[in-house]
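Good morning, and thank you for the time.

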Amino acid sequence: MDSKRPFEIAECRQAAKGLKSSWQDMAGSEALIRALVAERNGDTPLALFWTEVHRALCQENNAF
């Protein structure tokens, strides 16, 4: 993910699928950790991307 350009929702869904296949039930936690690390590194667009990935995972799991 190139944080210098706006992200597409389809990219978030694709990233969510990738996390889900690697991390199974911990995919949401991994997305939030990546968002935290990105924010701590001063990369707000990338942090927003990972929070959107978390949202996609939640919608997939009907968490909300």
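Glu52 is found in helix 3, which covers residues 44-60. Please keep in mind throughout that this is a predicted model.

Is Glu52 buried or exposed? Its relative accessibility is 19%, and because the cut-off for buried is under 20%, Glu52 counts as buried. Leaving aside residues up to four places away in sequence, Glu52 touches Phe7, Ile9 and Cys12.

Helix 3 has 17 residues, and from its first C-alpha to its last it reaches 24 Å, close to the 24 Å expected at 1.5 Å a residue. Which of its residues are buried? They are Leu46, Ala47, Phe49, Trp50, Glu52, Val53, His54, Ala56, Leu57 and Cys58. As a general point, an α-helix has 3.6 residues a turn, so residues three or four places apart point the same way. The cover over the buried residues of helix 3 includes helix 1 and helix 2. After helix 3 comes Asn62, with a positive phi near 55 degrees.

In soluble globular proteins, nonpolar side chains tend to be buried together. Here, the largest nonpolar core has 15 residues, and those with the most contacts inside it are Leu19, Ala31, Phe49, Trp50, Val53 and Leu57. The elements giving two or more residues to this core are helix 1 (9-23), helix 2 (27-40) and helix 3. Helix 3 supplies the largest share, seven residues.

A word on the cysteines. How many disulfides does a search of the whole structure find? The number is zero.

Finally, the protein as a whole. It contains three helices and zero strands, and from the N terminus on the elements run α-α-α. Of its 64 residues, 34% count as buried. Among contacts between residues at least 6 apart in sequence, 60% join residues at least 24 apart. The protein exposes about 4,500 Å², of which carbon and sulfur atoms supply 54%.

Note on methods
Residues numbered from 1 in each chain as written. Predicted model: local features only at pLDDT ≥ 70, side-chain atom pairs only at ≥ 80, totals over all residues. Heavy atoms only, no water. Helix = DSSP H or I, 4+ residues; strand = E, 2+ residues; numbered from the N terminus. Buried < 20%, exposed > 50% of the residue type's maximum accessible area, 1.4 Å probe, protein only. Contact = heavy atoms within 4.5 Å. Core = buried A, V, L, I, M, F, W, Y, C linked by side-chain atoms within 4.5 Å. Expected span 1.5 Å × (residues − 1). Disulfide = S-S within 2.5 Å. Areas by Shrake-Rupley, 256 points an atom, 1.4 Å probe, with all protein chains shown as cover.
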